[in-house]
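Please open the model in your viewer and keep the selection tool at hand. The stops below are to be taken in order.

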Amino acid sequence: MPLLDEVSQVLQRMGTDSAVLTDRRVAHVVATGLDLVSQREIPGVAIRSERKADGLAAQITVTRDARIENPIHLCMGVLHDTGRQSIQLQVRLEQDSKAKIVAHCFFPRAQNVEHIMDAAIEIESGAELGYAEGHYHGPFGGVSVLPTARVRVHPHGRYVSDFSLTSGRVGKLQIDYAVEVNADAIAELNAKIFGRGDDDIRIREEVVLSGAKARSLIRTRVALEGRARAEVTGITEGNAEGARGHVDCMEIVRDHAFAQAIPIVRVTHPLAKVTHEAAIGSIDQKQLETLMAHGLTPEQAVETVVAGLLR
Amino acid sequence: MHLLEIKNLSFQIGGKTIFDGLNLALEPREIHALIGTNGSGKSSLAYLILGCEEYAPTSGEILFEGNSISALKLHERARLGITLSWQEPARLEGLSVMDYLRLGNRYADSAAFLCKVGLAPERYLQRNIDKTLSGGQRKRIELASVLALRPKLALLDEPDSGIDLLSIGEIAEVIHSFKDVGASLLLITHREEMVRIADRASQLCGGKIVLTATPAEVAEHYKSRRCTVCDGKECHHASPG
């Protein structure tokens, strides 16, 4: 079966209409392993990609003032049980442009797979980027996902990212994101992850509010069961007048799982303010009893609380 | 046959006796007020009827429609038609008001039940029942969710507390809408004016029901502090609930 058809099937299983890959109004890049399978540019979205010795490199540029109506789809993953994928991604949103990128990352059969993503994202003044990354993992936990991103949000820019890995086994996940937020700009980083078995989750997200009235939110939700482990480090630094940041981490732990949250807040300007909240623990008994008083079984009540947390 | 019958109930927790030979009966479609001072055990009685964790009778029996429910788990009691509107309802992240109102009754007309508690559906149905709601909003949604379940027996724990700007008349209207869905109510309160909404009332003190009579009689008895066990200000016989 052609690779693009296989990817289309995976997309369908992920709940995405695979027609996005044939729609001429939708920009996309599709890569499996070290193979570049398909790409499409549309007016306002320029894409350059090439295979390098150690992986793939892709550049996506949204041109000045362009408002991209349909999300740009990035489909990346490894279809086989063994493999490696290394991607260097550069995204630039030129001044006053607006776009959304939806990344579909798939590792359905992974038993010994490594996925490395090294992203550099530049959001010029007044531009807005939404970046949603959804993962589709198989049941074996044999995948290492190692994404790194360096993001700069210029004045009056906006960056919102949503990372979701809630079905299948996580395997090993090591997120390392750093975001610089300039004057009057906004950054919001959301992550939702469900760890099972012996999954190993490490998240480090750092936001530096370097411009006046820069604002940020780091919001992390993790549910763990079995012997899964998670360490979540959320760092926010307020370095300018009127900068406001908040770090919010919630982790639910069941069975023999282990969770750790490390919120770090730093302020170097007297008129900046950064706050944090973190809650780790088993599911609140009153939440469960509230749901059971509506007739849900204990198992259904747990599922409802966890699903809500990761929604 | 009584809808609910509590026979000679005793309950101890943490080495302290909360109930000692308590008897109480509710009839079908009856609004029964249970009044008592802070710490008299009103909420504890609701948790015992519902079957919350750590709330199991030390002795005695709880019968629902003539059958003992002591061995049933909380959700099994809920499926029989018993439910609780909590004094301080839990917040649930990621669960919309609409989904919450349809838990246990997926065909419930969520909008209609929100209207009954004074909330505009278009403003609330898509919101989550998380910390972004005020205490009063959450409380009203809790009442709506219990109404939506169409229970046989609803335990309402201080339904008026924390709800601003609702007159006793408006609360009475909400309370009586439970009757419209065929429910009996155990209306837990410490306010005598709430008692007057009920069909019948009981006063709880010292681990026992000290009086069951008309709402006016019980309200007067409670108001005059003629409690047989303590002075009525603060019950000395129980602490939780």
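Select A:Asp198 and A:Arg169 first: their side chains form a salt bridge, with the closest N and O atoms 2.7 Å apart. A salt bridge here is a side-chain nitrogen of Lys or Arg within 4 Å of a carboxyl oxygen of Asp or Glu. The pair links distant parts of the chain, 29 residues apart: A:Asp198 is in the loop between strand S13 (186-195) and strand S14 (200-209) of chain A, and A:Arg169 is in the loop between strand S11 (158-165) and strand S12 (172-181) of chain A. Strands (E, at least two residues) and helices (H or I, at least four) are DSSP runs, numbered from the N terminus. A:Asp198 is exposed, at 58% relative accessible area, whereas A:Arg169 is buried, at 15%. Buried means under 20%, exposed over 50%, and partly exposed in between (1.4 Å probe, protein chains only).

This is a predicted model, in which local features need pLDDT of at least 70 and side-chain atom pairs count only at pLDDT 80 or more, while totals for chains, interfaces and linings use all residues. Residues are numbered from 1 along each chain as its sequence is written, chains are lettered from A and ligands numbered from 1 in the order in which they are written, and side-chain values use heavy atoms, with hydrogens and water left out.

Next, select A:Arg152 and A:Glu122, which form a salt bridge at 3.1 Å between the closest N and O atoms. A:Arg152 belongs to strand S10 (residues 143-153) and A:Glu122 to strand S8 (residues 112-123), both of chain A, and 30 residues separate the two. A:Arg152 is partly exposed, at 37%; A:Glu122 is buried, at 18%.

Now move to A:Arg221, in strand S15 (residues 215-224) of chain A. Which residue of chain B forms a salt bridge with A:Arg221? The partner is B:Glu93, with the closest N and O atoms 2.5 Å apart. B:Glu93 lies in the loop between strand S6 (82-85) and helix H3 (97-101) of chain B and A:Arg221 in strand S15 of chain A, so the pair joins two chains. A:Arg221 is buried, with a relative accessible area of 2%. Within it, A:Arg219 meets B:Glu93 at 2.7 Å, N to O.

Finally, display the whole interface of chain A and chain B, where three salt bridges are found. S15, strand S17 (244-253), helix H2 (285-292) and helix H3 (298-309) of chain A each supply at least two residues of the side that touches chain B. H2(A) gives the most, with seven residues.
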